[in-house]
Each structure stands twice: as structure tokens, then as C-alpha cells.
Amino acid sequence: MKEDALEVLTAWTQALLVERDEERARLQTVLEHASLKQRRAEGLSWSPVAVTAASYAFGGAQWSLACGEGGGMPNAFRVGSAVLLSPVGDDEASKALGVWPARVRKMRGLDMEVVLEGDGPEGVSPQHHKWTVDARADERSYNAMAHALSHWVNAEADSDKAFRDLALGVAEGWPEPHADDALVGDPSGLNEGQRRAAQDIWRRPQVSLLHGPPGTGKTSTLVAAVKDLVAAGDKVLAAGPSNMAVDVLVERFHQTGLNVVRVGHPMRVQPAVLETTLDARVQNLPEHARVVKTWRDAAQHQRDADRYVRNFDAAQREARRQARAEARALRKEAEELEAYLAEKVLREADVVCATLVGCDDRRLRGVKFDVVVVDEAAQALPPATLIPMRRATRLVLSGDPCQLPPTVKSQGGRVLETTMMERLVKRHPDQTHLLQVQHRMHEAIMAFGNLRFYGGQLQAHPDVGGRTLEGLKPWVVVDTAGCGFDEVRSEEGGSVSNPDEASFVLDRAAEWLNLHPGMSLGIVAPYAAQVETLREGWSERVRAQPELRQAAVTIHTVDGFQGQERDAMLVSLTRSNDKGEVGFLSESRRIHVAQTRAKMACMLVGDSATLSTDAFLADLFECAQAHDAYDSAWSWMV
């Protein structure tokens, strides 16, 4: 039965509420039932905390906090995370201070800066009291997605409804753009597939789909297409699901000479693009000196209002009231001027870049764009992709639905794992531009995933298709069946590790690095516990073999490695049990991501007796045997 847009949006809304409520409940359970000692140990609380400085910033009061030794874990809270500040003590004076939601602005060891949602307690200095800092559920992302869902549910204009239905994959047909709207771009430097994808974007259809498998140059294609859109007069909003994805776009746009502005907290962007942030651009304007002076004047008036007086009479009370009112007025003036300067910078930009949730930034709400480009769209929750769509009338989705989907933690939220891009690629394969030439990996590394995910359409560019590391097979699957490498589940019943398999993998890592000391090596596993086992084992080896200290080795979960590449990859598949349980590995895209990070050599290590209960993994072992890429761990143990 044909889907209706409102049915789709309603299902997403319900799933989003389930995700939010379950996350909120998980955190609340810990905060309510765990002791302060436990909460400190888990990085959820700091207490007691001293306020070492208090001032005001754009958005609210700004406090500098210091946690004493034993009061909590260093670097427990990440920049941008939501926290709750409550006074220590049960007396009436402490209760009168109130509880204050805030966000982490800076984090270093046991020192932290936060910006409160409000001006803080009135009439008292926070420095005179001790505080507790607790993690709180960060609902900003959920709220931004909920607002976007509400916007598209309540769309009234026929043009908005048509755009919405097309982007959701429920529209009848696929409208052709007007021929007069097309522009002639410069395709030089692009291969044939990239050229076709760019030319589709230059036709200015309402929706463009760019399917870019690993190493096929989708970002290069996007940048080339956007550069000529800007030259033709379009204003572009470029977004991605993560700060890393956005920063890659920012850097590439900046290199082409475009006037690009990065919206987002400066502490959460890469150093290479800091100068492009909206905050930095505003601070570099000559007019910003007036903003700084106004903030200083406001802070001085606030200090006057908070100054301690031993004998407090009516005249002093009135003077304090007036100082406080003057401070508020000056803060408002500074905020309005800063908002005006931000609007000016955004208005003059060629391309504005932000995370999907960052596109809900209040500074963007009055800015109109011609087209929104979403990179890594196949990793984005569907409601998050709806956020930037509110700012434009055309949409470009770029990504690879054959890689890992967005993370969904609740059973009731599973519908959100199917992204908007995946829906559209399935419904409109004839409108999807698949890039077919990959420039990353040896053809043997590419082969299995090419057949299973891309119908054999990918080709390895001649420059990389035969490139190898001497002495190493480009692709090999090592079977640990019968070796006694049994998995271990953590005491809490959560993550899985396999110490013997980890040791085997690290042995291979040391061998590879002895052969090629200068190569970059990635070691991945599907489970955090196995990653921790690998990291601890590698640290021991480095202490025993100091020459390994200089090696370029990265150890991470498969999910955390998505989007990266290394000369060689070692993949610890981890699972080995009598029940044939494969857990996370039942998501075949996880294996695909793991092995396609490699350029010249990839070894997957796992127990076929356990893993072959999964059809995809059984095919993996069979493919390796058929292509002389199978080996047994016993080969290294005799």
C-alpha cells in the first residue's frame, strides 16, 4: 500500500519520542539510584565544585568551575554536553539558589566553563557556595528534530508539500527541472561518473541523489558542483550528521576559495577550520570592539550589584537594583549587536556549513538558501535531515546506504534506522547517481563488498587496483575455529571481548609493522570491550618494544572508524561461542565498513564455526576460500 507523508512523519515522531524517553529514563535511573561515589566513578557527576569566576556571555551567565581531587573524573563532560548545576546543602539558603541547566563551553581536566540557561541566582554571588554538576539528558537534538517534524506535518503551501513528499519518497513520479534553470558547470578534473552526478546537481532539480561508495570521490564531486552553483548565484547550506563530516566539507570549500562560514561551537570544530567559524568571523569585524566594551560594562554593573555590603540599607538596596537592571540592559544591547553582526556575516557567505542539528541554530532562522547539501546522508536520522530542508527549496543527498546506518538505541525507534537517502535510493534507483570508480583500495579488498552491495558495478582505478604492501596479502580471512579463542562477556552482561583473538591480532600487527614501519595501521573490532582489550595489549607491547612507539596505529570500534582510511587494517570479529551468536555482526554493513577502510592490506580474523551461522559471514569465508584468501590461525601457531 502506498505510503502517505503524514503517516511517515507520524511514525518518525513516535519513534523519536521513544528514543528520547528511553535515553532520559536510562540517565535518570543512574542519577537517582546510584550513590554520588558511583556517579563520580562513571563520569556523570562532579561534587563539590567551586565557582572560580562568573561573568556573562551570549546566551546566559558564564561560570568557571573547579572540581577538587576526588570530586569526579577529569574530562568527564564533553564540550557542548548538557549539565545541571545544583547547590550543595539542604539549608534554606542553598535551596534558594535554585537549580540551573547549563552547557559545557570548555573542558580541561578538573576545570570547566559552562554557560547557564539564564542569568543565574539573583542577588548572590555563586562563588560563595559549593555546587554539584550532574549530567543531564541532552534534549536539544530531540527538540530540533521535533520542531522539524512539526513543521513538515503542518506544511500548508502546495510547493512545500510537494517538496516534502518528494524528499520522503512518497510522491508520484519524479518531476523534471525546468531546462531554463540549468547551468553549465566546469566538469574538468571529474571522471565520467562524477561528471554525470555534478551535471544532475547543475540541472537544479528539487532533489539530487549522489551515491558514493568508499573511495569514489563523492566529496570532491560535491565541492565541484557547489562551487559552480555559487558562481551561478546560488546560496548554499551544507550539512552533515557529525562535526567531523561538516569540517571536511568546510576545509574543502575553503580550499576552493569560497567564502564559507562554519556555524557551531568553536570548541567542537577542528583547528584547521577555526578561522571559518561564525564566532571567529564576527570577532574579526571592527564593530565587534563595541560588543566587547558593552559586555565589560555589563559585567562591571553586575559586580557592583553582587558586591557584599555588611550594613545593607534601603538606599543600597535601590542602588543594587539599579545596577542589576543596567547590567541586564547592557547584556541585551550586546546580544542584539552580536546577533546583527552574525546576520551580516551569514548574509555575505557563499556557503554556510553546520551539523544537521546545528541548522536549527537561532542565528540561521532568518537566513534563506537556494539549496541544502547533506553529506553522509546515509548516516543521518531521518528527522535530522528534515531540519536543514526548512531553509531551502532544493535538496542534495550524498552518502552510501551500504555503510552503517545512524545509531538507534531503543527497539521502538528502529524505524529511524532507514534514512531518507536509503528510502529514496530504493524507490528511485534510476534517479540515483552511483559513483563507480574507487581510488582507495586494492581490487581484492573491494571485491566481496562490490558483489554483495553494489552489484559488481565498482571498479578499482588502475593506480590503486594492484597496489600492495610487499610480503602481505591484500585481502585474507583468518579462521580461528578450533583454536580455543573463546569470547568473554563482561560481568555486567554487556560488551564482549576475546583476549586470545586480541593477542593473535596484535601479533600480526607487530609483524606487519616490522615489515613496513612507516605504514598507517587501523585495528578495529565490533565491541568496545574488545577494543579496550586490544588497546591494553598494544600498550603492553609498546612498553616491551619501544620501537613500536612511533608506529601510526589507531585502535577503535568499527562504528567509530567509519569515514577513515589506513594503509592496512586488522579486523577482530571477536565472537566465538557454542550457540552460534554473532550479535552486532548480523549487520552486514559493519563488516563492509571495517574492510573498506584499508588501502593495500586487510586481514579479518574470526571463528568460522560461530560466524558461519550468519549467511553473510558464511559467504565471506566461502569467498575467501574460492579466491585463495583463506588461512587458518593454526598456520601461525605451529
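## Burial and overall fold

Of the chain's 638 residues, 52% count as buried. The model is predicted. The chain holds 21 helices and 23 strands. Its radius of gyration is 27 Å, close to the 26 Å from the globule rule for 638 residues, so the chain is as compact as a globular protein of that length. Along the principal axes, the C-alpha trace spans about 90 × 65 × 50 Å.

Among contacts in the chain with a separation of 6 or more, 74% join residues 24 or more positions apart.

## Surface and charge

The accessible surface of the chain is about 28,800 Å². Carbon and sulfur atoms account for 49% of that surface.

The chain carries 73 positive and 89 negative side chains. The centres of these two sets lie 6 Å apart.

## A residue in detail: T432

Where does T432 sit? T432 is found in strand β13, which covers residues 432–434. Is T432 buried or exposed? Its relative accessibility is 14%, and the cut-off for buried is under 20%, so T432 counts as buried.

The side chain of T432 has a polar partner in the backbone. One of its polar atoms lies 3.0 Å from the backbone oxygen of H428. Beyond neighbours within four places in sequence, T432 is in contact with L209, H211 and V425.

Terms used: Residues numbered from 1 in each chain as written. Predicted model: local features only at pLDDT ≥ 70, side-chain atom pairs only at ≥ 80, totals over all residues. Heavy atoms only, no water. Helix = DSSP H or I, 4+ residues; strand = E, 2+ residues; numbered from the N terminus. Rg over C-alpha atoms; globule rule 2.2 N^0.38 Å. Buried < 20%, exposed > 50% of the residue type's maximum accessible area, 1.4 Å probe, protein only. Contact = heavy atoms within 4.5 Å. Areas by Shrake-Rupley, 256 points an atom, 1.4 Å probe, with all protein chains shown as cover. Lys, Arg positive; Asp, Glu negative; His and termini not counted. Charge placed at Lys NZ, Arg CZ, Asp CG, Glu CD. Polar contact = N/O pair within 3.5 Å; in protein donor to acceptor, adjacent residues only side chain to side chain.
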